[in-house]
Amino acid sequence: MASVECRPPEPGADDDSSIHVSLIDAIQNFTDLDISLNKLESFLRVLGFCQYSIFSAVLSWLAFVFFSILVPLLVTYFAYCSNCELYQISDFELEVLVCQSVAAAISLLCISHNLRKYRVRKLLFVDRYHGQLSQFSELYLKKIRVFYYLVASWMTIFFLIKIAREITRAVYLYDGSVWWSTGIVVASLVSWAYSNIIFLVGTALFHLVGNLQVIHFEHFGELLEMDMDVSVYINEHMRLTCYVCKISHRFRMFLLLEYLIVTASQCIVLLQTTTNRGIVNFINAGDFVVISIVQLVGLLICLNAAAKISHRAQSLGSVASRWHALVTSNSNDAAVSDFSSDGRNVETPKTVGQLSVNYSEGDLESADCMPPPANMQLTSTMSSYHKRQAFVAYVQSNPGGFSIYGWMVDRLLINTLFFVEMTLVTFLLGMTLTIKVR
């Protein structure tokens, strides 16, 4: 029986195998990320957001006009019996149709414009600097799954409410033809689902962009734990600030227009339900309830993402200050000073590399996106403490965050918007529900 010779492993064999395994995992994660991004792009293409050519743009807008405008108008025209004027169904339906179609059109227009200009990967900022790292790839995949879960869960809830409303109305307006009533219900549900999924996917996509940036803000604290040069931290902070600046420029019009249309829709709902002298019930005004819930949830999703970006960006100042304090307090006081006997620093000057970010013409409007000079060097008279102190001062003076034409979207602005809405509601109620004392 042949003996098997047991030889000790060669030096470095385990290291090479571990590196090989980690490289395979990184390639697998990166491949999974590419597949997920391709599926996301296909999903957006089916909904008409990817208008990369004139043919696709025309086809997308024709589908939008057909499903969001023509079908609801036909349903409103043919669905009602002769004695339904008493309930003002047609008037309410037209107002709901206008609010719903405008909100969906804004989402389709803004998102398709950004996708046509930047495509999916650049719009989500899944670049090669971060996207190839296995830890970020896994987190990216989780956030993309959250995007699908967000759209599916809310659309299911809204769709169930809409089904209950349509069935109730169909039973009330039943004229003896089961197939006719069923066709009206199906056409109304398809049209409603198309318009609202366009609106909701636009808000969820902005939420996804914000969540992907939050990953890097949360990772910044882990980056500080690594013993790296301060210039690396400055470059990373400048990269994050520039990305947030670009997100603000690309989505500020979308968020502003959606806020205005949602506010206008709520005012119309309030005016129609308080000034109407006829019968207002779930049959004729049920769509007001549905559209109010859908638009408010979509607006809250956008504000949540914008505020989350701002809060994570503003918290980096405290993170950097805590890191500076811990490093300073844990430093060895008996260590050799960085300065020589004649007061000169013996450290070798280090060059700060230029920020390798591609800047588009529309993103150069903000000074936060300016790259550092290529020949900028750390002065030879600065100690490590002074470098950290300068870095902390820089982070605290450049908090960043999502902004709309200079207005930072954070808790303060959200509270302001809430009180503005409450003031508007109170004013409208005061104008419509005036009690006359006889």
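This is a predicted model: local features need pLDDT of at least 70, side-chain atom pairs count only at pLDDT 80 or more; totals for chains, interfaces and linings use all residues.
**Exercise 1. Work out which way H6 and H7 run relative to each other, and what their contact is made of.**

Step 1. Start with the geometry: two packed helices are described by the angle between their axes and the distance between the axes.

Step 2. Find helix H6 at residues 178-225; the axes of H6 and H7 come within 11 Å and cross at roughly 165°. Angles over 145 degrees count as roughly antiparallel, so H6 is roughly antiparallel to H7.

Step 3. Now look at the side chains. From H6, the residues in contact include Phe-199, Phe-206, Phe-217 and Phe-220. On the H7 side, Tyr-233, His-237, Phe-251 and Phe-254 are among them. By class, this contact has 14 nonpolar, five polar and two charged residues.

**Exercise 2. Decide whether H7 and H9 are roughly parallel or roughly antiparallel, and list the residues that meet.**

Step 1. Locate helix H9 at residues 384-397; H7 packs with H9 at an angle of about 10°, and their axes are 10 Å apart.

Step 2. Compare with the cut-off: angles under 35 degrees count as roughly parallel, so H7 is roughly parallel to H9.

Step 3. Pick out the partners. Val-230, Tyr-233, Ile-234, His-237 and Met-238 of H7 touch Lys-387, Arg-388, Phe-391, Tyr-394 and Val-395 of H9.

Step 4. Sort these residues: seven are nonpolar, one is polar and two are charged.

**Exercise 3. Describe the packing of H7 with H10, and relate it to the record.**

Step 1. Place the helices: H7 covers residues 230-275 and H10 covers residues 411-432. Their angle is about 25° and the axes lie 10 Å apart, which makes H7 roughly parallel to H10. This crossing is right-handed.

Step 2. Go to the contact. Residues of H7 such as Tyr-259, Cys-267 and Leu-271 are among those that meet H10, where the partners include Leu-417, Glu-421 and Leu-428. The class count is nine nonpolar, four polar and one charged.

Step 3. Turn to UniProt, whose unreviewed entry places transmembrane regions at residues including 184-209, 253-273, 285-306 and 412-435.

Step 4. Check two of these spans in the model. Residues 184-209 are 100% helix, with end C-alpha atoms 38 Å apart. Residues 285-306 are also 100% helix, and their end C-alpha atoms lie 32 Å apart.

How values were computed:
Residues are numbered from 1 along each chain as its sequence is written. Side-chain values use heavy atoms; hydrogens and water are left out. UniProt positions are given in the numbering used here, feature names are shortened, and annotations may be inferred rather than shown by experiment. Helices (H or I, at least four residues) and strands (E, at least two) are DSSP runs, numbered from the N terminus. Axes are lines fitted to C-alpha atoms, for helices over the stretch in contact, and angles run from 0 to 180 degrees between N-to-C directions. Angles under 35 degrees count as roughly parallel, over 145 as roughly antiparallel, 65 to 115 as roughly perpendicular and the rest as oblique. A crossing is left-handed if the near helix is turned anticlockwise from the far one by less than a right angle, and right-handed if clockwise. Contact means heavy atoms within 4.5 Å. Ala, Val, Leu, Ile, Met, Phe, Trp, Tyr, Cys and Pro count as nonpolar, Asp, Glu, Lys and Arg as charged, and the others, Gly among them, as polar.
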